[in-house]
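Here is a short briefing on one protein model. Look over the sequence and the structure first, then read on by topic.

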Amino acid sequence: MLRFNDILERLLTYSPNADTDLLRKAYVFSAKVHIGQVRLSGEPYLIHPLEVAGILTQMKLDIASVATGLLHDAVEDTLTTLEEIRENFGEEIVQLVDGVTKISQISLRSSEEGQAENFRKIILAMVKDIRVILIKLADRLHNMRTLKFHSSERQVEIAQETLDIYAPIAHRLGIDWVKSELEDLAFQYLHPDLYQQIQTKIAKKEKERARYIDEVNRTLMKKLYENHIEGEVTGRLKQIYSIYRKMKEQNIDLDQVYDITAFRVIVNSIKDCYDVLGIIHSLWKPIPGKFKDYIGLPKENMYQSLHTSVIGPYGERIEIQIRTYEMHKVAEEGIAAHWKYKEGKVLEEADGKRFTWLRQLLEWQRDLKDNAEFMESVKVDLFPNEVYVFTPKGTVKQFPIGATPIDFAYSIHSDIGNHCMGAKVNGRIVPLKYELRSGDTIEIMTSPGARPSKDWLKFVKTSRAKTKIRQWFTAEEREKSIALGKEILEKELRKYNLQQAKLIKSGELSKVASDFSFQTVEDLIAAVGYGKVTANQIVGKILPQERLEEQKQGLEEGRIKTLIKKITRGPRDALLIKGVDNVMVRYAGCCNPLPGDKVVGFITRGRGITIHTADCQNAMAGDPNRRVEVEWDSTKEYIYPVRIRVYSDDKRGLLAEISNSITSNEANIKNAMVNTTEDSKAIGTFELEIRDLNHLKKVIKGLEKIKGVNRVERLRIEAQA
């Protein structure tokens, strides 16, 4: 059993100035709150936090981490509160304890590889201080060492979770001894018979194996020396789980796994790598099909090495890797930082640096004497552009940073998104604009009467949500247009004693639809509702010209044409509108376009064509079926109202300079309002008459040259009624 003094001695070997009083206080506190508690083994519960703290000293972690090892279960397994931890041990340790507690409360169900990968990410994404992960790994390692006291069902469940989640995290953080022990312990409970077979085979020849490794090392080093190659040779027994994995991957029995001893040769150059390969193949016979050149053809994760298997001394198969020091650094530090390599992509430099940094953490902290400096060094955002959240059933979903419950709803199903009326995060109702955080559990509330809002397009982040929202509004607009189109067409047809239903049944309207390049009659009728085709045009395709001429006498104009004429206004001639004539034009108040802006037009029932700037959010959300191409007529000139805001210093004479600059650039000031602030600044709002965008830019440029003017911006102005 590990004693507190053992932990203290270990800590002082690498951190002689550590606050031992803090550690002793944590030990006494833990002993007090866990008093009377026992583990499944029957031992006092205090043994577990002691062992966890001991593992953390093996990792050579700082005093705060080791103290947290003693306290990590206090909040979860006793009546202790985080506030008590804060009062007794301060903010740093309470944050570590809270982080470990939150990870322990996650229900990890890793039924498939992709899900396990997401669980690993969510654990890392939930914390900003990597020490939380290291403490959790120490906690899991000791729990695995005492797993025999659980039921067989629980053993399998915990072992599988360890193999899927925690061993890969340990590997990614560079703590290979933790990773190897976790894998072997998990394997022991998942496949006990196979584990025992492999262990027995290795144990029988343990001493001979050590002598064999030493002999091969000396032989290779001698050959390197003789050939004037600088380098180093290491040998090791493969771990039990590694041997099993090889059996599984190659579909072979234990007796067919001959190369359970692995060697690595590290040299200075690529030339030396191939020279060493030649030396090895001249020493021992290579096994056909067992040579792989990952230097000439690197793996997608940028891993490079030469791999060969040979019949070594005494006829035993051995596996040898040959690489340069630089290749070894890449292999050890993990250039491909993500859990699963993205096909055809190389990891971005920033990601690689983050994970390289994590591998160096344990070494760095020994040199950081200032505790505040160390605190800063262990805070890292591993997934700055991603969040990982849970469905109510525990499935993990990944979203871009800033995603909302609406994004979540549409990721489940279009109907869930379309009928979303609210959301709960971790059991609490939140606004639909709430930004998801890693570790959140999201529940969507729906109602048959709920419907999307165009405002959602302003804050959703995923392309799926944006597409589905726009599709909903397009479908809704289409339904309205079909209903309106039927009404307009029916009214026009009645003037000629024609019935819409009969024309559809006879196929007449199908022919008309084809003439207008529509696939269906419904598309044709929708076009009437949109205003793209008039009912008169359809009648013209159905009736002979003579009859049309007779009926036209005294007939009123169609409903859409009449409405458009009544409300036609604005400088129509300033725009060229393709495919549409004699229609009212209005300028959108949301973006207030000027000649020179890229623009787009939208047919609006009863209001003619509304002109937006091409990048206007409302234009992007508009129904594409209503869109018409427009452009400015450069041959004609009009005056447009524009509002600008000028941020400047509050000094005498500056307003006069601003006014002179505007008028000297041929712009008329229609209205002006100036306010001053407490910090001696002035904010002036000016409504000007401008010819086009270039004219406005000229005015703004002139203002920006004035000494004391800090910033000038164009404001949006509501269109006049």
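Which residue forms a salt bridge with Glu689, and how far apart are the closest N and O atoms? The partner is Lys670, and the closest N and O atoms are 3.8 Å apart. The model is predicted. It holds 26 salt bridges.

**Salt bridges**

- Glu689 is partly exposed, at 26% relative accessible area. Lys670 counts as exposed, at 51%. The cut-off for exposed is over 50%.
- Arg154 pairs with Glu157 in a salt bridge, with 2.9 Å between the closest N and O atoms.
- Why can these two meet within one helix? Arg154 and Glu157 are three residues apart in helix α10 (residues 152-172), which means that about one helical turn separates them. An α-helix has 3.6 residues a turn, so residues three or four places apart point the same way.
- Both ends of that pair are partly exposed: Arg154 has 37% relative accessibility, and Glu157 has 49%.
- The side chains of Glu477 and Arg626 also form a salt bridge, at 3.4 Å from N to O. This pair links distant parts of the chain, 149 residues apart. Glu477 sits in helix α21 (residues 463-494), and Arg626 sits in the loop between α28 (617-621) and β16 (627-628).
- Are Glu477 and Arg626 buried or exposed? Both are buried.
- A network of salt bridges links Asp62, Glu92 and Arg131.

**Helix α9**

- Helix α9 covers residues 131-145. Its 15 residues should span 21 Å at 1.5 Å a residue, and the end C-alpha atoms are 21 Å apart, which agrees.
- Of the 15 residues of α9, 13 are buried, so the helix is largely enclosed by the rest of the structure.

**The four-strand sheet**

- Four strands make an open sheet in the order β19-β20-β18-β21, with antiparallel pairing.
- Which strands lie at the edges? They are β19 and β21 (709-715), and each pairs on one side only.
- From one strand to the next, the twist averages 20 degrees.
- Strand β18 (residues 640-649) and β20 run antiparallel and are joined by 10 bridges. Tyr647 stands opposite Ile683 in β20.
- Helix α30 (residues 693-704) packs on this sheet and touches β18, β20 and β21. The direction of α30 makes about 160 degrees with that of β21.

**Strands β9, β10 and β11**

- Strand β9 (residues 420-425) pairs with strand β11 (residues 442-446) in the antiparallel sense, over five bridges. Lys424 has Glu443 in β11 as its bridge partner.
- Strand β10 (residues 428-430) also runs antiparallel to β9, and three bridges join the two. Val425 stands opposite Arg428 in β10.
- How many residues lie between β9 and β10 in their hairpin? There are two. Asn426, in the turn, has a positive phi of about 55 degrees.

- Phe408 lies in helix α19 (residues 405-412). At 2% relative accessibility, Phe408 counts as buried.
- Beyond residues up to four places away in sequence, Phe408 touches Val389, Phe390, Thr391, Lys397, Phe399, Leu436, Ile442 and Ile444.
- Phe408 and Ile444 are 36 residues apart along the chain, and their C-alpha atoms are separated by 8.3 Å.
- Thr261 lies in strand β2 (residues 261-267). Thr261 is buried, at 0% relative accessibility.
- Which side chain does Thr261 meet in a polar contact of 3.1 Å? The partner is the side chain of Arg209.
- Leaving aside neighbours within four places in sequence, the contacts of Thr261 include Arg209, Ile213, Arg236 and Leu237. Glu316, Ile318 and Glu319 are also among them.

Key. Residues numbered from 1 in each chain as written. Predicted model: local features only at pLDDT ≥ 70, side-chain atom pairs only at ≥ 80, totals over all residues. Heavy atoms only, no water. Pairing = 2+ DSSP bridges. Salt bridge = Lys/Arg side-chain N within 4 Å of Asp/Glu carboxyl O. Buried < 20%, exposed > 50% of the residue type's maximum accessible area, 1.4 Å probe, protein only. Expected span 1.5 Å × (residues − 1). Axes fitted to C-alpha atoms, helices over the stretch in contact; angles between N-to-C directions. Contact = heavy atoms within 4.5 Å. Polar contact = N/O pair within 3.5 Å; in protein donor to acceptor, adjacent residues only side chain to side chain.
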